[in-house]
Amino acid sequence: MKEIYSIKEAIKKAEHYCAYQDRCHDEMISKLRSMKMSSDEIDDIIGHLIQENFLNEERFACSFARGKHRIKSWGKIRITNELKFRNINQRLITTALQEITTEEYLETFHKTADRVWENSSERNTLKKRKKFCDYLLRKGFESQLVYEKVKDLEAQ
């Protein structure tokens, strides 16, 4: 990889980087820093990418939320925390979470919970419950949902 990029080369690379997959501003800034661009150049390039609609935080937040929920079965808490970590503002996070319907969310939660419960080889009931709850809480599901589900499964 060569060391110094002209603004035009950097813009081409940045456009390609954004076209491949939705990116947030933070990811784009760190990519440009790794290309040894100055702060002023980074501002100009980010401005260009936003103007040309290569960079759109709302689109990024929505596709991130949909993808992480559908593919990785993440809950809303984990998605929210990951978006906050990427410096996405609260209004966009709220919009992004609306991309996931309540029915789809609950269906994913129940499927994941049932799979984890069935596949657990733990014999000790307390340990099984703890592992089950820890896993689903780590995935970002709400604690009250998790605890209700564990009660239902233990009652079966």
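1. Does Lys36 count as buried or exposed? In this predicted model, Lys36 counts as exposed because its relative accessibility is 58%, against a cut-off for exposed residues of over 50%. Lys36 is found in the loop between helix H2 (25-34) and helix H3 (39-51), and its phi is near 65°, a positive value in a residue other than glycine.

2. A second residue to check by eye is Asn87, which is found in the loop between H5 and H6, just after H5, and takes a positive phi of about 60°. Asn87 is not a glycine either, and at 54% relative accessibility it counts as exposed.

3. Within helix H5 itself, which spans residues 76-85, the buried residues are Ile79, Thr80, Glu82 and Leu83. These residues lie on the same side of H5, because they cover an arc of only 165° around the axis. Helix H4 (57-72) and helix H6 (90-97) are among the elements that cover the buried residues of H5.

4. Helix H7 (residues 102-119) and helix H9 (residues 143-155) have axes that come within 11 Å and cross at roughly 50°, which means that H7 is oblique to H9. The crossing of these two helices, H7 and H9, is right-handed.

5. On the H7 side of this contact stand Tyr105, Leu106, Phe109, His110, Ala113, Asp114 and Trp117, which meet Leu145, Val146, Lys149, Val150, Leu153 and Glu154 of H9. Sorted by class, the contact of H7 with H9 holds nine nonpolar residues, one polar residue and three charged residues.

Notes: Residues are numbered from 1 along each chain as its sequence is written. This is a predicted model: local features need pLDDT of at least 70, side-chain atom pairs count only at pLDDT 80 or more; totals for chains, interfaces and linings use all residues. Side-chain values use heavy atoms; hydrogens and water are left out. Buried means under 20% relative accessible area, exposed over 50%, partly exposed in between (1.4 Å probe, protein chains only). Helices (H or I, at least four residues) and strands (E, at least two) are DSSP runs, numbered from the N terminus. The arc is that of the directions from the helix axis to the C-beta atoms. Contact means heavy atoms within 4.5 Å. Axes are lines fitted to C-alpha atoms, for helices over the stretch in contact, and angles run from 0 to 180 degrees between N-to-C directions. Angles under 35 degrees count as roughly parallel, over 145 as roughly antiparallel, 65 to 115 as roughly perpendicular and the rest as oblique. A crossing is left-handed if the near helix is turned anticlockwise from the far one by less than a right angle, and right-handed if clockwise. Ala, Val, Leu, Ile, Met, Phe, Trp, Tyr, Cys and Pro count as nonpolar, Asp, Glu, Lys and Arg as charged, and the others, Gly among them, as polar.
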